[in-house]
Amino acid sequence: MSMIGFPLLLIPLAICNIIVFLMPGVSFVTPLFTLTLMSGVAWPVTLSDVLIALGILLLLFEVIKGARPGSKYFMDHLLSLVVFAGAAAEFVMLPQFGTSTYFLLTMLALVDFLSGIALRARRRLAPADAPVSGNRGQRDIETEAPPPEPKPQPPVPPAATVAESVLLEPTTPHPVEIVRTSPDIRSPGLQPGAHPSPDTPPR
């Protein structure tokens, strides 16, 4: 089952409500066990310490869940606000919840709500080429017009290919027209076979 949309900080607050209403004899400051540290100090661990540590870990998971792509932002913010409002109302109005433990858990719920808003605002201010999650980002990507593709240019044949095609091209011999011209004869009467004109004086 997906945990998206479920406020995890509701778990320690619900444990506090169960202890206050169903187990009134249990105290939050009563030591549950004692740990001896490396320094030699005996540290008594109380129920209040366990609930606060649990709340801090769950707050870490809430921040990770809010930063994950595809999370339900509106539902997460709404439920976190409801949890914080209920915890703050119990802390202020009911005397059983007027303790430091419940106050710190209420502050953790407030941090959860504010961190979700900050993550969403940062996602809105992200650059356009950054990956955007959710349906809104998908619609923006679909409506964005793709850039026009450049027209493919015809390939330029290399010089060797052009030279080879010129050499291999069949050549057709063109007929040579021979024009015969008669030479300019200055003395046509001196040519062999020519008859002298009667007007021409003999030499």
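1. Histidine 77, in this predicted model, is found in helix α3, where helices (H or I, at least four residues) and strands (E, at least two) are DSSP runs numbered from the N terminus. Neighbours within four places in sequence aside, histidine 77 is in contact with Phe113, Gly116, Ile117 and Arg120; contact means heavy atoms within 4.5 Å. Histidine 77 counts as buried because its relative accessibility is 15% (buried means under 20% relative accessible area, exposed over 50%, partly exposed in between, with a 1.4 Å probe and protein chains only).

2. On conventions, residues are numbered from 1 along each chain as its sequence is written, and side-chain values use heavy atoms, with hydrogens and water left out. The model being predicted, local features need pLDDT of at least 70 and side-chain atom pairs count only at pLDDT 80 or more, whereas totals for chains, interfaces and linings use all residues.

3. As to overall architecture, the protein chain contains six helices and two strands. Their order from the N terminus is α-β-β-α-α-α-α-α. Of its 203 residues, 22% count as buried. Among contacts in the protein chain with a separation of 6 or more, 63% are between residues 24 or more positions apart. The chain exposes about 16,000 Å², of which carbon and sulfur atoms supply 68%; accessible areas come from the Shrake-Rupley method with a 1.4 Å probe, and for residues only the protein chains shown count as cover.

4. Helix α2 (residues 47-67) packs with helix α4 (residues 100-124) at an angle of about 10°, the axes being 10 Å apart. This makes α2 roughly parallel to α4 (angles under 35 degrees count as roughly parallel, over 145 as roughly antiparallel, 65 to 115 as roughly perpendicular and the rest as oblique). On the α2 side the contact includes Ser48, Leu51, Ile52, Gly55 and Ile56, and on the α4 side the residues include Thr101, Leu104, Leu105, Leu108 and Arg123. Axes are lines fitted to C-alpha atoms, for helices over the stretch in contact, and angles run from 0 to 180 degrees between N-to-C directions.

5. Helices α1 and α2 pack at an angle of about 155°, with 9 Å between their axes. Accordingly, α1 is roughly antiparallel to α2. In this pair, Ile11, Pro12, Ile15, Cys16 and Ile19 of α1 meet Leu47, Leu51, Leu54, Gly55 and Leu58 of α2.

6. Leucine 8 is found in the segment before α1. This residue is buried, with a relative accessible area of 10%. Its C-alpha atom is separated by 9.7 Å from that of leucine 57, 49 residues apart along the chain.

7. Leucine 32 is found in strand β1 (residues 31-36). Apart from neighbours within four places in sequence, leucine 32 is in contact with Val45, Thr46, Leu47 and Val50. The C-alpha atoms of leucine 32 and threonine 46, 14 residues apart along the chain, are separated by 5.2 Å.

8. A nonpolar patch on the surface is formed by Ile18, Phe21, Leu22, Met23, Val26, Val92, Met93 and Leu94, together having about 810 Å² of accessible area. Patches are made of residues with over 30% relative accessible area and no salt bridge, like charges being joined within 9 Å and nonpolar side chains (Val, Leu, Ile, Met, Phe, Trp, Tyr) within 5 Å; a salt bridge is a side-chain nitrogen of Lys or Arg within 4 Å of a carboxyl oxygen of Asp or Glu. Helices α1 (10-22) and α3 (73-93) each supply at least two residues of the patch, and the largest share, three residues, comes from α1. Leucine 22 lies in helix α1 and counts as exposed, at 64% relative accessibility.
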